[in-house]
Amino acid sequence: MTRTNRRDLGLLVLRVGTGAVLAAHGSQKLAGWFGGGGIEGTTRGMEAMGFHPPKYSAVAAGLGEAGGGVLLALGLATPAAGAAAAGTMAGAVAVHAPAGFFAMGGGYEYPAFLGFTAAAIGLTGAGRYSLDHATHHVLDRPWTLALAFTGSALAAAAVLGRRAKGQVTAAAEEDA
């Protein structure tokens, strides 16, 4: 097996594994599968975590994880898939950050790992064993890479900024 084949096979394994984990996690939010709360439960959770509007946040998080995960696993629109999943995981990192780094204590270790992995796949590309390769990279161009990651970063910053502002306002009202 040549080095190129090994790299492409490794990307396939990494994409499918990461994509499957993200898709399963997102399907908990969207459909209530695998013991998840579905849209209603996720909406209540988003509201409790300070995301507004909570239903929009629940749908966006579910689609970022499930949609990004499926696209990563397929190797289709890989830059957009990686950026969507990474941006969604940035929100999860913000929620878990007060508990510290390690997942054992409720920290952000796990969502950070998923986010960095999704971003790395989005930046690297899907490899030869992918739908991007089969479609001659029509959805994996340099401009799509730049647009996807810029858009995801701006969206994550806006959502997290709105959440932080809401938390500051809620804390001030509580103190008053």
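**Close-up views of a predicted model**

**View 1. Lys29 sits in helix α1** **(helices, H or I of at least four residues, are DSSP runs numbered from the N terminus****).** Is this lysine buried or exposed? Lys29 has 15% relative accessibility and therefore counts as buried (under 20% relative accessible area, with exposed meaning over 50% and partly exposed in between; 1.4 Å probe, protein chains only). Leaving out residues up to four places away in sequence, Lys29 touches Gly38, Ile39, Thr42, Ala61, Gly62 and Glu65 (contact means heavy atoms within 4.5 Å). As for the model itself, it is predicted, so local features need pLDDT of at least 70 and side-chain atom pairs pLDDT 80 or more, while totals for chains, interfaces and linings use all residues. Residues are numbered from 1 along each chain as its sequence is written, and side-chain values use heavy atoms, without hydrogens and water.

**View 2. Helix α3 covers residues 54–74****.** From first C-alpha to last, its 21 residues reach 30 Å, close to the 30 Å expected at 1.5 Å a residue (1.5 Å times one less than the number of residues). Buried residues of α3 include Pro54, Ala61, Gly62, Glu65 and Leu72. Their cover includes α1, α2 (38–48), α4 (78–96) and α5 (109–124). After α3 comes Gly75, with a positive phi near 70°.

**View 3. Val13 of helix α1 (residues 3–31)** **is exposed****.** Its relative accessible area is 57%.

How values were computed. Helices (H or I, at least four residues) and strands (E, at least two) are DSSP runs, numbered from the N terminus.
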